[in-house]
Amino acid sequence: MALDGMMLNLICGEIRGALSGAKTDRICQPDRDVLVFTFRTRDGMKRLLLSASADSARVCLTESQPENPASPPMFCMLLRKHLSGSRLLSAGTVGLERVAVLEFECFNDFGDRVNRKIAVEVMGKHSNIILVDERGIIIDAIKRIDFTSSSARQVLPGLRYEYPPMQDKLNPLSVGADVLADAILNMNDIAPDKAVLRTVQGFSPVVCREIVHRVFPSGNVPARFSAGDRGRLEAVLAGLMGETRVPCLLLDKSSGRPAEFSFTEIHQYGSSLDARVLPSFSLLAETAFEQRAKADAQKRKQNDLLKVLTSARERISRKLAAQRSDLQACADKEKYRRYGDIISGNIWQMKKGADFCELEDFYDGGSVRIPLDPTLTPSQNAQRYYKKYRKADNAQKALTQQVSECEAELSYIDTVFDELSRAETLSEISEIRDELIRGGYIRPVRGSKQPSHKPSRPDAFVTDDGLTVLCGRNNVQNDQLTLKTAS
């Protein structure tokens with residue numbers, strides 16, 4: 001899932017339509033690589049988000065209102081110095097490359113009217129936001145790139161700004177479908193989707209696969225394009241560039257996590273993904289990245305708790321196995337008491353120094369061979385067996401209680417596993433984490449204040465008879481329902 005050049009170009013068109021001539025009202029930097037500009041327009045306040053995050057770099061209009069840090073970072077303060085009160089003149093891309101350029105009209109320190117540019121490079125881990133003056137000199141960047149990071153291209157204050165190296169591809173907005181088809185057919189030594197990707201500028205891999213899918217709708221995709229495919233390929237390219245752009249979002253059916261998004265309807269996945277058409281490309285980009293970030297954060301938190309629960313279950317299982325083994329060893333405690341009684345009943349005929357004795361067993365009849373400690377007297381040997389009996393008896397009582405507690409704890413851990421598997425929101429996962437902290441399974445960070453979250457509510461169902469049934473989502477809610485609500 002990537003923001004390609006065509007999508008970025010369409011978003012810049014929306015920015016021009018919404019913010020051209022708008023006055024910059026506020027600038028904030030809510031995250032290390034994220035900027036939010038607030039503009040004053042005739043239709044009210046509007047916000048523009050610029051992100052250079054490695055996994056969610058983008059430029060788009062946004063409805064969200066991020067928290068403004070009390071102490072703004074240095075780059076944010078620099079932008080406020082140069083762009084506060086400025087007007088947005090234009091927004092566009094460099095061809096269909098993933099570089100958006102925003103041009104502002106502002107005043108310098110002498111009151112002269114000058115233009116400033118912000119270049120947003122949307123390039124994965126190499127994404128950046130760069131402030132450039134009217135001469136093309138870099139004022140500063142949200143990520144400074146020196147010689148230790150890149151020997152080919154540095155991004156430092158005082159250097160002339162140069163666009164990232166352009167790829168040798170054809171811009172589909174400036175050349176016809178016939179030229180594109182010929183160029184793609186010249187790449188006849190690689191897979192069809194790779195040939196489209198290496199030839200056409202501004203298309204993401206999912207769009208390239210969609211083009212191939214439309215050329216070969218039956219699904220029988222050859223290893224490479226042939227001359228006989230030229231007519232269908234040209235028709236597909238012409239249709240794609242001539243159709244109305246559609247903000248299309250594809251969602252995973254099970255998790256609801258965004259899987260792909262594009263400027264055209266995607267048919268290659270069939271019914272395996274849910275397709276949604278959104279009102280704008282800015283909303284498409286914001287929804288796709290924000291929902292994916294939330295889903296990924298939820299997955300990380302679930303995995304962290306899963307590791308805690310798995311470790312706790314393994315530890316308790318090992319402890320329980322050892323306790324059961326010790327408990328099994330205590331099963332011979334009656335034998336020790338009998339040995340002590342038999343020795344005490346025949347102590348008159350025993351002597352010190354023997355390794356064993358053969359004595360009459362007045363419990364079961366016959367004779368019994370009893371091991372002895374030759375360094376002890378017969379009376380001491382009897383007391384030794386009585387001591388072993390008492391020790392085993394006490395251990396059996398304690399171990400029986402401990403085994404019961406461990407079995408109950410294992411059962412509890414299994415219920416938390418079940419809660420975690422059914423958790424659907426970050427709030428529910430946070431409640432499970434709080435429960436494990438109170439249970440001592442997770443150690444809270446000393447001195448850190450746990451973030452507050454709104455507690456989730458139990459599930460509510462209505463029976464055919466009209467009765468409302470409340471069902472807890474976790475152990476805490478179940479205890480609340482059982483001990484408080486049910487009264």
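Biologist: Which residues in H10 do Ala-297, Gln-298, Lys-301, Gln-302, Leu-305 and Leu-309 in H7 meet?

Modeller: This is a predicted model, where local features need pLDDT of at least 70, side-chain atom pairs count only at pLDDT 80 or more, and totals for chains, interfaces and linings use all residues. Residues are numbered from 1 along each chain as its sequence is written, and side-chain values use heavy atoms, with hydrogens and water left out. Helices (H or I, at least four residues) and strands (E, at least two) are DSSP runs numbered from the N terminus, and contact means heavy atoms within 4.5 Å. On the H10 side, the partners are Leu-426, Ile-429, Ile-432, Arg-433 and Leu-436.

Biologist: How are H7 and H10 set to each other, roughly parallel or roughly antiparallel?

Modeller: Axes are lines fitted to C-alpha atoms, for helices over the stretch in contact, and angles run from 0 to 180 degrees between N-to-C directions. Helix H7 (residues 281-329) and H10 pack at about 25 degrees, with axes 10 Å apart. Angles under 35 degrees count as roughly parallel, over 145 as roughly antiparallel, 65 to 115 as roughly perpendicular and the rest as oblique. H7 and H10 are therefore roughly parallel.

Biologist: Is the crossing of H7 and H10 left-handed or right-handed?

Modeller: A crossing is left-handed if the near helix is turned anticlockwise from the far one by less than a right angle, and right-handed if clockwise. The way H7 passes H10 is left-handed.

Biologist: At what angle do the axes of H5 and H6 cross?

Modeller: The crossing of H5 and H6 is right-handed. Val-207, Ile-211, Arg-214 and Val-215 of H5 meet Arg-232, Leu-233, Val-236, Leu-237 and Leu-240 of H6. The axes of H5 (residues 205-215) and H6 (residues 230-242) come within 9 Å and cross at roughly 125 degrees.

Biologist: Which residues of the largest nonpolar core touch the most other members?

Modeller: A nonpolar core is a set of buried Ala, Val, Leu, Ile, Met, Phe, Trp, Tyr and Cys residues joined through side-chain atoms within 4.5 Å. Buried means under 20% relative accessible area, exposed over 50%, partly exposed in between (1.4 Å probe, protein chains only). Of the 82 residues in this core, those touching the most other members are Phe-37, Leu-48, Leu-50, Ile-118, Phe-203 and Ile-211.

Biologist: How far apart in space are Phe-203 and Met-6, C-alpha to C-alpha?

Modeller: Phe-203 lies in the loop between helix H4 (192-199) and H5. Phe-203 is buried, at 5% relative accessible area. Among its contacts are Asp-4, Met-6 and Phe-263. Phe-203 and Met-6 are 197 residues apart in sequence, yet their C-alpha atoms are separated by 6.4 Å.

Biologist: What is the strand order in the open sheet of 3 strands?

Modeller: Two strands pair if DSSP finds at least two bridges between them. The edge strands, S11 (258-262) and S12 (273-277), each pair on one side only. Strand S10 (residues 248-252) and S11 pair in the antiparallel sense over 4 bridges. The order is S11-S10-S12.

Biologist: Which residue in S11 is the bridge partner of Cys-248?

Modeller: Cys-248 bridges across to S11. Its partner there is Ser-262.

Biologist: What do the buried residues of H11 pack against?

Modeller: H11 covers residues 475-485, and its buried residues are Asn-475, Gln-477 and Leu-481. They pack against helix H9 (378-422), helix H10 (426-438) and strand S16 (468-471).

Technical notes. Lists of a residue's contacts leave out its neighbours within four places in sequence.
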